[in-house]
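Let's work through a few exercises together. Have the viewer ready, and try each task yourself before you read its solution.

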Amino acid sequence: MNRREFLLSGVAALVISGPAAAQMQDHSKHGMDMPGMSPGDGKMAAPGPLPTLPEGAPLRDLPRLANRASGPERFEAELTARPATVRFAEGIETPILAYDGETPGPLIEVTEGDKVAIRFANRLPGEETTIHWHGMPVPADQDGNPMDPVLSGADRLYTFELPEGSAGSYWYHPHPHGRTAEQVYRGLAGAFIVKPRQDPIPAAYGDTPLFFTDLRLASDGSIPANSMADLMNGRVGDHVLVNGQKKPVLTLPAGSRRRFRLFNASNARFLHLNFGEAPVTLIGSDGGLLEAPVTGLRTIALAPAERAEIIVAFDVPGRLMLRTEDVDHGWMGPGRPDTAADVMTIDVTADKAEPPPPLPAKLRSIADLGQPVVRRRLEFTETMSMGEGGMKMGFLINGVAFDMNRVDLVAKAGQTELWEIANLADMDHPFHLHGTQFQPVETERDGRASKAPYRAWKDTINVARGQTVRLLVRQDHPGLRMYHCHILEHEQLGMMGVVEVRA
Ligand code: C2O
Ligand code: CU
Ligand code: CU
């Protein structure tokens, strides 16, 4: 029996929440052992109707982290991770983990060139954590690696300077060894926007972050632990939230052009977003603006952790829906959820907006990284085997699971490399690299290669099952950097490695 048949035989349908969560930590280095599959093993959530979330409130602005610096070109703040409760559903308090009591955490907005100092307090009882500044060019020892935990009750200062050219849409989230997935789905994630000193996008378009998270609530309003199916496929909950709200409403006058920053901050949900009939122009990727706008798009696909900047033209009065379409990314076992969802309503009113200024034809230039002097190949595989304790599943890169004490690759700062990421597995795996932005060169499937249509800075890219992706990579700072699948359950189960960048 091959792996897929084995799963389809129904094993994966068993939900083993409590024990599986404990298992995941014990076995995070070696994949997971599935214990005897008697239904009694599973702590099922208490029966009862699932809570419904109120919809239709006006889209809220993300709360902001206040800058306490007294001088210019500095951002100084404090941020605390601690348990909190939030009222997602009417009359039900949901215990969460939160930055400064909020989920998503406060929006951090700085300007390129700023010196950033954030004093972080870990007030999560009995849990270590870190803050990882996803996608940002920060020194390795400030990047919240799992090797640098902030112990429960401890404080630490994160400091870094954001260089010229680093403007973009980033985010921050925990990265502790073995607990990242759980800390994120319990609420710890926030947007981090680096503004350019001079923005080529007309101010009349606004600048609206849409921070997408994923939520599952049990009937008692609590957030249930990961099940076996979640561990295997990555956790896909029951609700897509935008800025922490279910299906909020944005009201705009006809003729508006809006700039949106889209963040996929879910553990494992692939978003395939469209605004109905409204035309979408792509202007930016993970690491900031493109060189030129890409017009005429209908769908923006964002794998977990990816971001995009877009302009949407709302010319026709009426009601539009921001919707994410259902797409299968290689679900293992039965029970694949229908991931289509209406995410936000846009009410375009009949009163005319001021005619907006046009979008410039050139947004910026993106550096040519030159010819690579090193080539590497990373292979994603999934393994499944029967062991003493039951079934063992592994999520591997180049045949091995993550080991914090092992260096997998050694690179030289300032040198351009070509990374080939081959997905030999049955599920899509979004590849992410810390410490730098890379440039996609081409993708290949069944021997057919296609060139990247435009130059872009990325730190996360989906590698579909059966696909090979080639990237130009240059790390400019020395230190240890992680690379991993950004389905956080897969990262946790071993699909991660370490590159040591030497000066
Ligand atoms: Cu967004 Cu290593 O993570
Ligand atoms: Cu990262
Ligand atoms: Cu994965």
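This is a predicted model: local features need pLDDT of at least 70, side-chain atom pairs count only at pLDDT 80 or more; totals for chains, interfaces and linings use all residues.

Residues are numbered from 1 along each chain as its sequence is written, chains are lettered from A and ligands numbered from 1 in the order in which they are written, and side-chain values use heavy atoms, with hydrogens and water left out.

**Exercise 1.** Find the protein donors of the copper ion (ligand 3) and describe their spacing along the chain.

*Solution.* Start with the definition: donors are N, O and S atoms within 2.8 Å of the metal (3.2 Å for Na, K and Ca), and sites may look incomplete because water is not among the atoms. Next, look around the ion: His429 (ND1), Cys485 (SG) and His490 (ND1) lie 1.9 to 2.1 Å from it. Along the chain, these donors follow the spacing H-x55-C-x4-H. Now place two of them: His429 is in strand β26 (residues 429-433) and Cys485 in strand β31 (residues 479-485), so this pair ties together parts that are 56 residues apart in sequence. Strands here are DSSP runs (E, at least two residues), as helices are (H or I, at least four), numbered from the N terminus. Finally, check exposure, where buried means under 20% relative accessible area, exposed over 50%, and partly exposed in between (1.4 Å probe, protein chains only). His429 is buried at 0%, and Cys485 is buried at 0%.

**Exercise 2.** Which protein donors does the copper ion (ligand 2) have, and where in the chain do they lie?

*Solution.* The donors are His132 (NE2) and His432 (NE2), lying 1.9 Å from the ion. His132 sits in strand β6 (residues 132-134) and His432 in strand β26, so to speak a link between distant parts of the chain, 300 residues apart.

**Exercise 3.** Inspect the backbone at Pro104, Glu73 and Asn398.

*Solution.* Begin with omega: the peptide bond from Thr103 to Pro104 is cis, with omega near -5°. Pro104 belongs to the loop between β3 (92-99) and β4 (108-111). Then turn to phi. Glu73, a residue other than glycine, has a positive phi near 60°; Glu73 is in the loop between β1 (32-34) and β2 (74-89) and is partly exposed at 46%. Asn398 also has a positive phi, near 50°. Asn398 lies in the loop between β23 (391-397) and β24 (409-412) and is partly exposed at 39%.

**Exercise 4.** How many residues does the largest nonpolar core have?

*Solution.* A nonpolar core is a set of buried Ala, Val, Leu, Ile, Met, Phe, Trp, Tyr and Cys residues joined through side-chain atoms within 4.5 Å. The largest one has 33 residues, and those with the most contacts inside it include Trp419, Phe431 and Leu471. Strand β23 gives the largest share, 4 residues. A second, separate core of 32 residues includes Phe260, Ile300, Ile310 and Ile346.

**Exercise 5.** Where is Val407 found, and is Val407 buried or partly exposed?

*Solution.* Val407 is in the loop between β23 and β24. With a relative accessible area of 36%, Val407 is partly exposed.
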